[in-house]
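Subject: Structure handover

Hello,

Here is the structure we talked about. Please open it and keep it beside you while you read my notes.

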Amino acid sequence: MATHLLSDPEIWKNAWKHDPEAGVNRMHRAGMNPLHSFDSYKTAKSFHDQAFSEEGRNRAARIMGWIQSQGVHFDQISVLDIGAASGGFSIPFAQQGARVTALEPSKTLTELMKNSVPPYLKGSIDIVQVPFENVNVDEKGWKEKFDLVFASMCPAIFGWEMVEKALSCASQFCYISTIAGPKEHNLIQELRPVLGVEEEQAQTSDMFYIMQLLNIYGYSFQTLITRETQVAVMSLDDAVKNTLGWFEFCGMPTDKESLLKAEEYLRKTYAGKKIEVRQGGRFGKVLIRLKDQSMG
């Protein structure tokens with residue numbers, strides 16, 4: 001790319017929108033509709049249980065602690081939690097004194113959130129069941145309404161227009177987290193040589209585009225890139241059932257012969273055993289300062 005093109009925002013916006021490795025594009029490739037990912041009660045409940053497990057609560061505490069370390073205080077501030085799911089962050093924000101608007105499109109997740117909010121916090125959390133994509137900021141009266149706009153791993157924040165929309169709702173801070181590198185999956189790595197698929201090269205990511213565009217447009221922001229991994233133990237049959245979805249999401253071949261090769265390898269290698277599945281990757285967090293743009 002020529003040097004003068006590096007500062008052209010339209011090039012970065014277009015590249016992000018059409019990048020096959022961008023998060024939402026990967027989801028569509030795998031046959032997933034982000035707005036309907038949690039229509040199934042089983043899927044939503046599994047996500048909810050994970051969010052409120054000891055590991056999930058510790059993760060939320062670490063993220064909120066990082067935001068606080070940048071000079072953000074939660075007591076008495078207004079927070080818009082975009083893609084609030086079942087309240088994994090909305091509830092802790094309210095527990096620390098924030099007034100929270102929890103925006104979540106999934107009916108199942110909003111019901112789980114309503115059942116999870118302690119009675120003493122009912123007046124501190126306003127649950128709005130609507131996709132952020134469908135929100136008219138001006139009609140809602142949300143222009144610069146919230147001290148902090150918070151979007152953790154939310155597929156609605158895809159493309160610069162949606163980043164700008166989130167920013168437009170914030171008066172002081174906007175936090176966004178998303179994938180910052182290739183997805184890591186131990187079974188995919190194990191199956192690459194079996195199928196003759198080469199190792200993935202370094203890739204772009206949603207966070208890559210967000211940081212580039214924030215920089216071009218002159219925003220003040222702080223970032224943190226970390227590597228996170230989740231481990232699940234599943235039966236051999238469950239691993240085989242999940243192979244197609246994993247392959248679609250990771251860009252692996254999904255023809256009948258490839259899937260059969262993968263199944264044969266898994267059944268031979270893990271016969272009579274449980275399989276440890278490790279999924280994760282590099283994740284990015286960015287806190288954008290809209291009012292006081294100096295260091296906290």
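How many disulfides does the count come to? The answer is 0 disulfides, where a disulfide is a pair of cysteine sulfur atoms within 2.5 Å. Take C169: the nearest cysteine sulfur is that of C174, 8.5 Å away, and C169 is in no disulfide. For C174, too, the closest cysteine sulfur is the one in C169, and 8.5 Å is too far for a bond. In general, a disulfide is a covalent bond between the sulfur atoms of two cysteines. C169 is buried, with a relative accessible area of 0%. C174 counts as buried as well, at 1%. Here buried means under 20% relative accessible area, exposed means over 50%, and partly exposed is in between (1.4 Å probe, protein chains only).

A word on the source. This is a predicted model, in which local features need pLDDT of at least 70 and side-chain atom pairs count only at pLDDT 80 or more, while totals for chains, interfaces and linings use all residues. Residues are numbered from 1 along each chain as its sequence is written, and side-chain values use heavy atoms, with hydrogens and water left out.

Salt bridges

The structure holds 7 salt bridges. A salt bridge is a side-chain nitrogen of Lys or Arg within 4 Å of a carboxyl oxygen of Asp or Glu.

One of them joins E111 and K114, at 3.5 Å from N to O. Both residues sit in helix α6 (residues 107-116), and because they are 3 residues apart there, about one helical turn separates them. Helices are DSSP runs of H or I, at least four residues long, and are numbered from the N terminus. E111 is partly exposed at 36% relative accessibility. K114 is partly exposed at 40%.

R267 pairs with E263, and their closest N and O atoms are 2.9 Å apart. These two lie in helix α12 (residues 256-269), 4 residues apart, or about one turn of the helix. R267 is partly exposed, at 33%. E263 is partly exposed, at 29%. A network of salt bridges links D237, E263 and R267.

E276 forms a salt bridge with R278, with 3.0 Å between the closest N and O atoms. E276 is partly exposed at 42%, and R278 is partly exposed at 37%.

N186 lies in helix α9 (residues 186-195). Is N186 buried or exposed? It is buried, with a relative accessible area of 14%. A polar atom of the N186 side chain lies 2.9 Å from the backbone oxygen of E276. Apart from its neighbours within four places in sequence, N186 is in contact with E276, V277 and R278. Contact means heavy atoms within 4.5 Å.

Where α9 meets α12

The axes of α9 and α12 come within 10 Å and cross at roughly 115°. Axes are lines fitted to C-alpha atoms, for helices over the stretch in contact, and angles run from 0 to 180 degrees between N-to-C directions. From α9, the residues L187, E190, L191, V194 and L195 take part. From α12, they meet S258, K261, A262, Y265, L266 and T269.

Best wishes

Notes
A polar contact is a pair of N or O atoms within 3.5 Å; within protein, one must be able to donate a hydrogen and the other to accept it, and residues adjacent in sequence count only if both atoms are side-chain atoms.
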